[in-house]
Amino acid sequence: CITEFQFLQFILAGGYEDKRFWSTLGYKWKNESNISMPLYWVKKNNDYFKKINNKYVSIQTNLPIMHISYYEAAAYCNWKGGRLPTESEYEYIATNMGKSKFPWGDKPINNCLCNINYNNYIAPVNKYELGNNYNGVSQLIGNVWEWCQEPIYPYNGFKIDPVYREMSYPYFGYKRVCKGGAFSVPDFLIHPKYRNAQYPDCRIQFIGFRVCI
């Protein structure tokens with residue numbers, strides 16, 4: 001995942017002001033909402049902090065960025081000359097090209113392999129290396145949700161659940177896919193195909209991202 005320090009470089013380089021990196025809708029949303037940094041970030045005396053529980057905490061270099069919208073994540077990717085991963089790409093690397101159940105193999109999920117179950121708050125991106133996939137890609141499960149490129153649409157064979165009719169289908173084509181789960185998700189829910197979806201301007205959730213180049 002992109003870290004707080006890496007995202008700070010985007011801010012310092014003027015990324016929020018440079019229209020070249022933003023989609024039309026994203027740039028409109030940013031300007032109308034007066035967005036200039038991630039949610040809960042503040043600038044004090046030319047330095048950047050997070051406001052947590054009414055305390056100002058220095059931006060840590062290797063924690064994953066979160067509380068940012070899809071629009072902000074996509075703009076950062078454009079600035080780096082890349083893009084967000086698609087949902088199918090995410091599933092592909094999280095199952096080692098379809099050869100395993102989880103990134104680390106077929107071993108059952110547990111708190112030593114990934115940051116889930118409210119076991120910790122967000123962890124540095126270099127933790128939980130036992131949960132890396134076969135090519136060393138880290139934290140594909142747990143820690144923070146991750147934005148994917150496309151809107152959510154049903155998997156093949158989708159049928160509307162009669163009890164939870166409004167849980168997904170009204171949002172097809174509107175909300176953006178998020179994958180991987182977060183520290184706040186219980187282990188019995190998480191697997192590489194587990195889906196979250198949020199509107200592209202959502203910033204309240206524990207969502208970060210990674211870049212495909």
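In the predicted model described here, the buried residues of helix H3 are Tyr-70, Tyr-71, Glu-72, Ala-73, Ala-74, Ala-75, Tyr-76 and Cys-77. Helix H3 is thus mostly covered, with 8 of its 10 residues buried, and these buried residues pack against H1, H2, E4 and E5.

One of these partners, helix H1, was examined in more detail. Two packed helices are described by the angle between their axes and the distance between the axes. The axes of H1 (residues 4-12) and H3 (residues 70-79) come within 11 Å and cross at roughly 75°, which makes H1 roughly perpendicular to H3. On the side of H1 the contact is made by Gln-6, Phe-7, Gln-9 and Phe-10, and on the side of H3 by Glu-72, Ala-75, Tyr-76 and Trp-79. By residue class, the contact of H1 with H3 divides into 5 nonpolar, 2 polar and 1 charged.

The largest nonpolar core of the model has 41 residues, and those with the most contacts inside it are Phe-7, Trp-22, Trp-147 and Phe-209. Helix H1, helix H2 (24-33), helix H3 and strand E4 (145-151) each supply at least two residues of this core, and H3 gives the most to it, with 7 residues. Phe-7, which also takes part in the contact of H1 with H3, is in contact with Ile-2, Tyr-16, Pro-38, Ile-65, Ile-68, Glu-72, Tyr-76 and Phe-209 when its neighbours within four places in sequence are left aside. A second, separate core of 8 residues includes Tyr-90, Leu-140, Ile-152 and Val-177.

Turning to the strands, an open sheet is formed by 3 strands in the order E1-E2-E3, with antiparallel pairing. Strand E1 (41-44) and strand E3 (55-58) stand at the edges of this sheet and have a single partner strand each, so that one side of each is left without a neighbour in the sheet. Direction being ignored, neighbouring strands of the sheet are turned by 45° against each other on average. Helix H1 packs on the sheet, where it touches E1 and E2, and the direction of H1 makes about 125° with that of E2.

Within this sheet, strand E1 is joined to strand E2 (residues 47-52) by 4 bridges, the two strands running antiparallel, and Val-42 stands opposite Phe-49 in E2. Strand E2 is in turn joined to E3 by 4 bridges, again in an antiparallel arrangement, and Phe-49 has Ser-58 in E3 as its bridge partner. Strands E2 and E3 form a hairpin with 2 residues between them, and Asn-53 in the turn has a positive phi of about 55°.

Terms used
Residues are numbered from 1 along each chain as its sequence is written. This is a predicted model: local features need pLDDT of at least 70, side-chain atom pairs count only at pLDDT 80 or more; totals for chains, interfaces and linings use all residues. Side-chain values use heavy atoms; hydrogens and water are left out. Two strands pair if DSSP finds at least two bridges between them. Axes are lines fitted to C-alpha atoms, for helices over the stretch in contact, and angles run from 0 to 180 degrees between N-to-C directions. Contact means heavy atoms within 4.5 Å. Angles under 35 degrees count as roughly parallel, over 145 as roughly antiparallel, 65 to 115 as roughly perpendicular and the rest as oblique. Ala, Val, Leu, Ile, Met, Phe, Trp, Tyr, Cys and Pro count as nonpolar, Asp, Glu, Lys and Arg as charged, and the others, Gly among them, as polar. A nonpolar core is a set of buried Ala, Val, Leu, Ile, Met, Phe, Trp, Tyr and Cys residues joined through side-chain atoms within 4.5 Å. Buried means under 20% relative accessible area, exposed over 50%, partly exposed in between (1.4 Å probe, protein chains only).
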